[in-house]
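Here is a short report for someone meeting this structure for the first time.

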Amino acid sequence: MHAELFEYIDTHRDRYLSELFLLLRQPSISATGEGMRECAEMLARDMQTVGLDTRILPTAGHPVVFGDTLNREAPFTLLIYGHYDVQPPEPLDKWHSPPFEPEIRDGRMYGRGTADNKGQFFTHLKAIQAVREVLGGLPIRVKLLIEGEEEVGSVHLSACARTHRELLHADLALGVDGNIHASGRPEIALGMKGMLYAELAARGPRTDLHCGKDPLVVNPAWRLIWALATLRGSDQRILIDGFYDRVVPPSREDLALLASVPVDMQDLFETFGVDAFLGGATGTEALQRLVFEPTCSIDGLVSGYTGAGMKTIIPATATAKLCLRLVPEQTSAEIFAALRRHLDRRGFQDIQLTSIGTFEPSRSVVEPRLMDKILRAVASVYGRDPLVFPLFSTGGSGPDFVFTRDLAMPSVWIPCAQFKNKNVHAPNENLTVEGFLNGIKTTAALIVGFAERGASPAGPGDLPHRGASSGVRADG
Ligand SMILES: [Zn+2]
């Protein structure tokens with residue numbers, strides 16, 4: 001079955017690419033709003049073309065485009081997530097070909113959105129079409145949720161999901177944004193860290209002041225540094241009161257999953273641009289810390305004069321950007337409150353604290369029978385057994401909690417793009433043509449696989465929802 005389907009997909013390569021290129025030529029920059037409405041409408045037409053009942057769901061920001069194959073009698077419903085917005089293309093002079101005029105060079109298509117994420121989610125549309133054309137129908141029901149604000153923090157996705165719970169209901173959510181491991185094996189992730197991105201600001205004199213006044217006037221740079229220094233010890237331990245209270249340590253199964261991942265230290269050092277890891281961590285220990293440890297990172301620190309020569313001032317302000325990566329069962333609201341309390345208790349009531357963006361941590365427990373189908377479908381495309389990560393292998397965050405928390409369904413993230421040099425968020429973003437075709441094959445294999453023997457004997461929509469043990473650990 002797969003062989004026939006895969007061959008069909010390969011023979012339609014050129015048609016799929018030229019259709020994708022139409023979408024890539026349409027700018028859709030959520031940060032500025034350029035082309036967003038036009039792209040949403042174009043995508044809605046693309047979805048209708050492959051037979052999806054399509055709706056543009058308004059949000060307080062850029063709309064969500066939703067499609068549904070509407071075959072309600074199917075034994076299984078899959079909800080697939082993607083995003084049609086892209087990062088701004090600047091700096092334009094660094095592109096070898098214009099960002100919105102996609103072209104193929106050496107087996108890679110170059111253009112803004114090729115990898116992140118148009119070239120990835122478009123694979124689902126083509127997979128639905130290919131399965132229909134080869135099998136004469138769809139064995140499962142598929143819903144597509146393509147948002148327009150991922151690159152600006154998915155600000156309205158959670159509210160949209162809660163408004164449309166019934167519409168979005170499914171047995172499993174699938175995100176296509178995973179990696180291919182350095183060993184060549186595809187990575188499957190069952191969750192993500194959350195995030196609290198905050199700004200700390202200290203104020204001094206109303207304007208920069210001659211620093212001879214130092215004995216009498218508060219210096220905001222010192223205030224900020226003293227405040228920041230209370231947040232973390234030189235042993236890396238995060239000292240925010242109560243920070244670790246809700247952290248759930250990795251289970252024995254989680255640790256076993258990571259222990260089976262081959263670790264190439266040289267490759268990791270090269271990828272990170274360092275010669276060693278903190279505390280001398282290596283091998284599985286390094287991987288465990290990357291995947292499971294919550295973080296507190298100073299991402300930016302600005303104050304005073306930093307130009308050439310000297311300028312003798314007490315700065316008027318000092319600001320820091322702080323990124324805290326959260327793990328199950330921490331929540332961004334609780335950690336924000338804990339941070340505020342921590343500062344207040346130490347006399348830093350004067351430090352302003354503002355939340356700039358949040359993601360909640362998430363974690364799915366997928367029923368073994370369902371997991372087995374996912375592993376087999378992905379392996380059938382890549383010819384290699386996938387590696388399974390309890391949380392994203394990159395240490396990154398995303399809107400996975402919208403599925404696990406807001407929609408109360410398990411979710412998995414699978415790869416489509418190649419691992420290295422895809423220049424996501426940078427000039428010359430690209431996706432290999434092979435990666436694109438593999439993406440179509442993966443979704444097609446999943447659609448067929450979910451319907452294979454062992455589809456829910458209990459009837460429609462019942463497979464992964466048999467009580468708390470089978471589904472999701474709520475992430476609060
Ligand atoms: Zn992105």
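Gly67 has Leu144 as its bridge partner in β6. This is a predicted model. Four bridges join β2 to β6, and the two strands run antiparallel.

Strand β2 also pairs with β1 (residues 53-57). That pairing is antiparallel too and spans five bridges. Here Arg55 has Phe66 of β2 as its bridge partner. Six residues lie between β1 and β2, and the two strands form a hairpin.

Is β2 mostly covered or mostly open? Strand β2 covers residues 64-68, and five of its five residues are buried. Both of its faces are covered. Val64, Phe66 and Asp68 are buried on one side. Val65 and Gly67 are buried on the other.

**Around Ile140**

Ile140 sits in the loop between α4 (118-135) and β6 (141-147). Its relative accessibility is 0%, so Ile140 counts as buried. Which residues does Ile140 touch, leaving out those up to four places away in sequence? They are Thr69, Asn71, Ala74, Phe76, Leu78, Ile447, Phe450 and Ala451. Ala451 is 311 residues from Ile140 along the chain, yet their C-alpha atoms are separated by 6.1 Å.

**Aromatic rings**

The count of aromatic pairs comes to nine. One of them joins Phe269 and Phe277. This pair is edge-to-face, at 4.8 Å centre to centre with 70° between the planes. Phe269 is buried, with a relative accessible area of 14%. Phe277 counts as buried as well, at 16% relative accessibility.

Phe392 and Trp413 form another pair. Their ring centres are 6.0 Å apart and their planes meet at 70°, so this pair is edge-to-face. Phe392 lies in the loop between β17 (387-389) and α13 (401-406), while Trp413 belongs to strand β18 (residues 411-415). The pair therefore ties together parts that are 21 residues apart in sequence. Phe392 is buried, with a relative accessible area of 13%. Trp413 is buried at 3%. Ring pairs also link Tyr81, Phe392, Phe403 and Trp413 into a cluster.

**Charges over rings**

Two arginines sit over tyrosine rings, as the table shows.

| Charged residue | Ring | Distance to ring centre |
|---|---|---|
| Arg105 | Tyr110 | 4.0 Å |
| Arg237 | Tyr244 | 3.9 Å |

The charged end of Arg105 is the part that sits over the ring of Tyr110. Arg237 lies over the face of Tyr244.

Terms used. Residues numbered from 1 in each chain as written. Predicted model: local features only at pLDDT ≥ 70, side-chain atom pairs only at ≥ 80, totals over all residues. Heavy atoms only, no water. Buried < 20%, exposed > 50% of the residue type's maximum accessible area, 1.4 Å probe, protein only. Contact = heavy atoms within 4.5 Å. Phe/Tyr/Trp six-rings, centres within 6.5 Å; stacked < 30°, edge-to-face > 60°. Lys NZ or Arg CZ within 6 Å of the ring centre and 35° of its normal. Pairing = 2+ DSSP bridges.
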